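Hi,

Here is the structure I promised to pass on. Have a look at it first, and then read my notes below.

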Amino acid sequence: MSGVLTIDEPLNTSTESFDALYRDSARDLYAYVRTLLGDDASAEDVTALAFERAYRRRESFDERRGSSRGWLFAIARNAALDELRRRNRTAPLVGELPDELAPAPEEEADVALRRSTVRAALAALGARDRELIALKFHGGLTNVELAAVLGCSETNAGTRVHRAVTKLRKACHAPA
Amino acid sequence: MRQRDCLSPEEHRELEALDRALAGEPVDDDLRELQRLVLDVRADAPRMSPGFAARLEYQAAEGFPASQERRSPARRRRRWVLVPAAGVLAAALAALVVVLGSGGSGDVGSGGAGQAPDGPVAASGDSATRESTAERPAAPSAGAPPLEDQARVDRALVPLGVPNPGGTISPSTSPRRVQRTVSLALSVPGDELQSTADDVVGTVDRFGGIVASSSIGADDASGASASFDLRIPTERLDGALAALSKLGHVAERRQDLVDITGSFDSVSDRLSDARAERKGLQRALGRATSKAQVDSLKARLRSATSRVSRLKGDLGSLRRRADLATVSLAIRGDADEADGGGSGGSWSPGDAAGDALRLLEVFAGVALIALAVLAPLALLGALVALGLRATRRRRRESALDPA
């Protein structure tokens, strides 16, 4: 992740600023969408669709209503949720783990074990909590941006994130 | 169930530590476990395949061409279904506004107030029928009299001097005698009052009438006025009224008709009787033989002669009432019209300003009415849009609920 992007220039006045948004957010956005949908093919489609929609609507972006990164994640979230509704199912977190995510052989055993535990704990969370973890950890959104994406207050967003993180921590410490 | 939104200080501290860990900053020792969690989760973050990354890069370079999204026909249909629905809703609301707006006024269609200066004049029997330009029904269907009443009115419309063919109102075969009284109010520019008064006199002369009395003078703050009491030959009254009406703007016109045929016949009969009596007394006087008879007959003859004279006077008065219509003419000099506001004056910048103000008032009224119609529609539309948005969001969110 490359941190929260601050774009001073409005999107509708510069194609370069949208390009900057794309370069800064593409990987994080994909990670979030992939976590939400659970499979690569859908995640790729939805990610591309989100950028396409955002590019098409870039003139309607109003920086007074939030950051461009939050705006982009909100578009991606709508597309992902539409995809989920279309499939009429909630996706497992790590239905098909890419090979590159598997622990490297040279990794230490305890690190591998810890990540495996975290992966399982994340998979055990409910879809809403899993989405919050993905938005916060993969997307790197601030609570203000989270509130804009989820359509709630900043306080509520913080409360929900804290609750989801607490569940994740408990699940990580739960006996296997 | 609604969950609490407030966080404890400890929870706040953990959230801040989470944000610091996400930003790669150090955290307190007791929260190192949270930092490891962040690192582990992010280390496990899904990554794009090189193929997709290249594809996305290409699309970015091309400006994300619209090849991904294809809106389904069903969704398009659903959106189009909303258009007629919104139209029906708007029409229903507009109809409601119209119905509610017209509900309070009960005088719609109660008859017009159009001016018909030379319309037919009705008289019924001995009763007077009043006709006013402000009170005449607009159409026969609105308050039209029953057929028998209409027949009576038609009979009353028989021209003066023509025997009534129906004959039911007056058993006499003598011509109808109708007394006509007209009240006419004219409005003229204040500076034309005197010339209009002169024209009135000229018009009355032209139609063989007389000016019984007249007065001209300052009336009040609104301007000067003049009044005339005229006598116009009845058979030329309509023409005279038409000519007088052209001298100014007719503000009011009222006609009263009284059928005096009965009174005329009664006086006429009594006069005939009185004459016959007098004639008989004259014959009896010629045949009288004694002085006492002569004195008595002379006294009765004087009485009869006196009665004949009185009745002749009464009959003459009735005849004049029938032959000469009374016209009360009032002329008001309008100061505003004198300033040029009337049709005859010149159009000044002041008039233009006044017209512009009136125009603005009309526009403001129209805008207000439009606002009264559109504001509820806009409010309704906003509520519908908000409802649809909330529903759409709820539906989307439902995808995250367990199946």
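**What I found**

Chain A has seven helices and zero strands. Read from the N terminus, its elements simply go α-α-α-α-α-α-α. Keep in mind as you read that this is a predicted model.

A couple of overall numbers for chain A: of its 176 residues, 47% are buried. If you take the contacts in chain A with a separation of 6 or more, 68% of them come from residues 24 or more positions apart.

Have a look at helix 5 (residues 127-138) and helix 7 (residues 154-173) of chain A. Their axes are 9 Å apart, and the two helices pack at an angle of about 105°. Angles of 65 to 115 degrees count as roughly perpendicular, so that is the label for helix 5 and helix 7 of chain A.

Which residues of the two helices meet there? From helix 5 of chain A you'll find Asp129(A), Leu132(A), Ile133(A) and Lys136(A), and across from them in helix 7 of chain A are Arg160(A), Val161(A), Ala164(A), Lys167(A) and Leu168(A). Sorted by class, this contact between helix 5 and helix 7 of chain A has five nonpolar and four charged residues, with no polar ones.

**Where chain A meets chain B**

On the chain A side, 56 residues are in contact with 36 residues of chain B. Helix 1 (15-37), helix 2 (40-56), helix 3 (68-87), helix 4 (109-124), helix 5 and helix 7 of chain A each put in at least two residues on that side. Helix 2 of chain A gives the most, with eleven residues. As for the make-up of the side of chain A that touches chain B, it comes to 22 nonpolar, 15 polar and 19 charged residues.

**A glycine in chain B**

Is Gly248(B) buried or exposed? A residue counts as buried if 20 or more other C-beta atoms lie within 10 Å of its own. Gly248(B) has 24 C-beta neighbours inside 10 Å, so it counts as buried.

What is Gly248(B) in contact with, leaving aside its neighbours within four places in sequence? The list is Leu186(B), Ser187(B), Val188(B), Thr196(B) and Ile331(B). Ile331(B) is 83 residues away from Gly248(B) along the chain, yet their C-alpha atoms are separated by 8.3 Å.

Cheers

Technical notes. Residues are numbered from 1 along each chain as its sequence is written. Chains are lettered from A and ligands numbered from 1 in the order in which they are written. This is a predicted model: local features need pLDDT of at least 70, side-chain atom pairs count only at pLDDT 80 or more; totals for chains, interfaces and linings use all residues. Axes are lines fitted to C-alpha atoms, for helices over the stretch in contact, and angles run from 0 to 180 degrees between N-to-C directions. Helices (H or I, at least four residues) and strands (E, at least two) are DSSP runs, numbered from the N terminus. Angles under 35 degrees count as roughly parallel, over 145 as roughly antiparallel, 65 to 115 as roughly perpendicular and the rest as oblique. Two residues are in contact if their C-beta atoms, placed from the backbone, lie within 7 Å. Ala, Val, Leu, Ile, Met, Phe, Trp, Tyr, Cys and Pro count as nonpolar, Asp, Glu, Lys and Arg as charged, and the others, Gly among them, as polar. A residue is buried if 20 or more other C-beta atoms lie within 10 Å of its own, exposed if 12 or fewer, and partly exposed in between; C-beta atoms are placed from the backbone.
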